[in-house]
Structures are given as C-alpha cells and as structure tokens.
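Subject: Structure handover

Hello,

Here is the structure you are taking over. My notes on what was found in it follow below.

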Amino acid sequence: MGVLMSRRQTVEKVQKVSLAVSAFKDGLREQPAVRRRAEAGGTRRGTLEQTVQEGEEEAPAGPSQPEEGSASKAAWERLRDGRGVEPEEFDRANRFTPPAFIRPQRELHDDEPPDISLEQREQILNDEMCEICEVWTAESLFPCRVCSRVYHDGCLRRMGYLQNDSAVEVTETAHTETGWSCYYCDNLNLLLTEEEMYSLMETLRQCKIIPDTCLTLDDFLHYKHLVHKQQFEQPMGEAQEEAATLQFSALDPDKKGHVEWPDFLSHESIQLLQKLRPQNSLLRLLTAKERERARAAFLALDQDGDGFIGEGECHKARHTWFRKHQKETPSCNVSISHVGPMSESSPASSGSAKSQEKTLLAAEQEDTRRVDWPGFLRDNVSYILAARPNSAAVHLQPSA
C-alpha cells in the first residue's frame, strides 16, 4: 500500500536527503580540510578557556575594538541559528547530521484571540514513525510530552542528543505523565523569530555575555542591572534585585553556584517573548497536549463547575507546571492537574517552602477576583511554555 505524503512532508524528506548528500560530500573533503586546518595551527571549536585565550591572542594591541576568536564566532553562529551541536563535532561514520532549524515567523492573525474551548476536548495522537529515521517500531518509540513527535533512543544517540545517563532518564520518563521533551521543544530559544533572536543577541553582546558559558550570581545580577537600566533608564531597585536573586536560585536547583548556559538562554528567551508578544500570540504557541493539560488543571480546580476559579487557585496552578521528574525516584506520575501547595522537594522551591505556603494562603484569603477559562490560559501561558525544558531548573519563577 502506498503512503500519501503532504507537501510539507515531501519538502522535509527532500531536505533530509539533501542533508545526507551534503554530509557525504563533506566527509570526502574532511581529511584535506582537517590537514589544512592543522597546518594553519588552529581548530574551529575549543573549550571556554581556549576561547578566552584565543580571543586574547587575536586581540590587537592598539585602541581599536578586538576581533572575536573563531570559537567565539562559532558560538554566536550557533546561537543565531538555534543549533545545539555543530556537524563538525560528530564522527560522520557513526552519527547523523543535526537538523537545520527554521525559526518561526509572525503571522497577521497572531495577535487575535485563538478559539480554545474548555468543553471541546482534543484528541491527542502521536506520530507513528520516528522523526529521525521515519521507521515504525511500536513500543520502542519515545513520545515527546509537548508535541506529537516520537523517537528511537538509538536515533537520538546518533544525533548526539542522548549522552551518558540521559538515555536511562528518557526511558524512565517518556511514558509517564511527567513525560520527556524532544530536542525541538526542550529549546525555548527556537520559539523566537529571527528579529527577536537578533534583539536578544544584541542585548547579550552589549552586556558582554559570552555564549556557552555559565553565569554566577554576580554575573547574573550584573546582567540584570544592565538590562533594566537599558529598558527603563534607571537603576534596578531592591525589590527587582531580590526577584532576580530568587530567579537565579530557581535556575540553579542543585545549588552549584552557577546557571548553565541552556537554562539561562531559555530563561531569557521566555522573558523576551513576554516582553515583545501579546498573550494571544503566546497562546497560539501551545500544543494540543499542553492545552489538554491546561483543561485538566482548570477542571480540577473548578469544583462547583460554574466555569470560574479563585485567583489564589490560579496562582497555585503556576507552580504545578514545574513539577519535574526526580532522578532519585523510579518514576513520577504527578499529573499537571494535581494542583496544590508546593512541596519542599519541588524544584520551584527556593528558600523556605513554609513561608511561600503562608504567602499563598494569605493571598487566597484576600482573593476576591474570579478567573474564567480564557483568563486562566492568559495568566498561565508563559509558565506553561517555560515548563517545556527537561532541565530541573525553573525558567520563569512564579510569583507568590
């Protein structure tokens, strides 16, 4: 029986074939290219220390602006293009070539309110074939908890997206209610358009943030102070600095003393989306799975079935989006609809969990505003999107 393919599927298939042919051609040229680079005395990529040293060595002695090292330039290119790993880093004989990500474009109707009904449930169907190799092997496929894509663990390894113990983690979480996000959905930076990405890159350059580096608390606060002064033309106040400190703690759940680059990039990406796009545009980014989880959460809170919940309950729901799979437990079956006070072991907990619970209870007692389904979606859409990454970090700290 023949398989009918849509125009989009046909284009994607042609692109994959083109990538395979390009990889083969590059492999034929690989040895001469490596020899030429060796004769030139340098490689394209390196460690952070090598990047800094290379930048210092290439910097001119005069007062003119220093040129970026080749490794630093490559990092900026990956940031611009939304690529995680360069094809040159792979052993071409045993690895697939990473896909070329295409950034989204804004449509004319994006700012109009989307029709997301509370009563009309959506049927959730995963793809039947692996996104990478396009082969169906039933139970061995791992579904993404955000989109409809499915993958083989072997394909993910050859793409370079599963390393060390991450394969075990994917196996344990992919088929639970907590789930696992694929490499598309795990990277919030891919939600930005080219224009939005250019704006973020300019801000990072002006604040002297180097891609692929970790940020300490001092680095994070210094960056936040500069961004706040650029945006509001006045210094950051104590309240804003305290909020930034809490956000740093949320991005560093393991208390390592620094924030990993992917977590920082996801945090800044969701912040930029909040700043530049209206809520209606953000609502259009939600997938069918995310909309269904939001319905389950709202219906669980709407005990009397009148279509309204309290504002305090809406605040509580924000914390539940960030319930992550705990590595020390075999599985995590906490549904997004199981809303309630945040536990002390929750990654979203920064500081005293008891004090936060008291704040939530006080806000609930003073709650007079009623929230309907559209309002619930608008209030929570940023937190739903920010919960996509697999990292235990909380990329958008909910307010109490």
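Angles under 35 degrees count as roughly parallel, over 145 as roughly antiparallel, 65 to 115 as roughly perpendicular, and the rest as oblique. The axes are lines fitted to C-alpha atoms, for helices over the stretch in contact, with angles running from 0 to 180 degrees between N-to-C directions. Helices (H or I, at least four residues) and strands (E, at least two) are DSSP runs numbered from the N terminus.

The crossing of helix 7 and helix 8 is right-handed. A crossing is right-handed if the near helix is turned clockwise from the far one by less than a right angle, and left-handed if anticlockwise. On the helix 7 side, Leu217, Phe220, Leu221, Lys224, His225 and His228 take part; they meet Gln240, Glu241, Ala244, Thr245, Gln247, Phe248 and Leu251 of helix 8. Contact means heavy atoms within 4.5 Å. By class, the residues of this contact are six nonpolar, five polar and two charged. Here Ala, Val, Leu, Ile, Met, Phe, Trp, Tyr, Cys and Pro count as nonpolar, Asp, Glu, Lys and Arg as charged, and the others, Gly among them, as polar.

The other pair is helix 6 (residues 194-206) with helix 9 (residues 261-276), at an angle of about 120° and with axes 11 Å apart. Helix 6 and helix 9 are therefore oblique to each other, and their crossing is right-handed. Helix 6 contributes Glu196, Ser199, Leu200 and Leu204 to the contact, and helix 9 contributes Trp261, Phe264, Leu265, Glu268, Ser269, Leu272, Leu273 and Leu276. The residues of the contact of helix 6 with helix 9 are eight nonpolar, two polar and two charged.

**The chain and its cores**

The protein chain has 14 helices and six strands. Of its 400 residues, 40% are buried. Buried means under 20% relative accessible area, exposed over 50%, and partly exposed in between (1.4 Å probe, protein chains only). Among contacts in the chain with a separation of 6 or more, 72% are between residues 24 or more positions apart.

The largest nonpolar core has 53 residues, and those with the most contacts inside it are Leu79, Leu204, Ile209, Phe264, Trp321, Trp373 and Phe376. Helix 14 supplies the largest share of this core, eight residues. Another core, of 21 residues, lies apart from it and includes Val146, Cys155, Met159 and Ala174. A nonpolar core is a set of buried Ala, Val, Leu, Ile, Met, Phe, Trp, Tyr and Cys residues joined through side-chain atoms within 4.5 Å.

Leaving aside neighbours within four places in sequence, phenylalanine 376 is in contact with Ala294, Ala297, Phe298, Leu301, Ile309, Cys314, Ala317, Trp321 and Val371.

**Buried polar and charged residues**

Serine 382 is in helix 14 (residues 373-386) and is buried, with a relative accessible area of 7%. Beyond its neighbours within four places in sequence, serine 382 contacts Ile270, Gln274, Leu282 and Leu396.

Serine 281 lies in helix 10 (residues 279-283) and is buried at 2% relative accessible area. Not counting residues up to four places away in sequence, serine 281 touches Arg106, Asp110 and Asp111. The C-alpha atoms of serine 281 and proline 114 are separated by 8.5 Å, although these residues are 167 residues apart along the chain.

Glutamate 292, in helix 11 (residues 288-301), counts as buried at 12% relative accessibility. Its contacts, leaving aside neighbours within four places in sequence, are Arg121, Glu122 and Ile124.

**Positive phi**

Most residues other than glycine have a negative phi. Glutamate 134 has a phi near 60°, a positive value. Glutamate 134 is in the loop between helix 3 (70-81) and strand 1 (141-143) and is partly exposed at 29% relative accessibility. Lysine 208 also has a positive phi, near 60°. Lysine 208 is found in the loop between helix 6 and strand 3 (215-216) and is exposed, with a relative accessible area of 71%.

**Conventions**

Residues are numbered from 1 along each chain as its sequence is written, and side-chain values use heavy atoms, with hydrogens and water left out. As this is a predicted model, local features need pLDDT of at least 70 and side-chain atom pairs count only at pLDDT 80 or more, while totals for chains, interfaces and linings use all residues.

Regards
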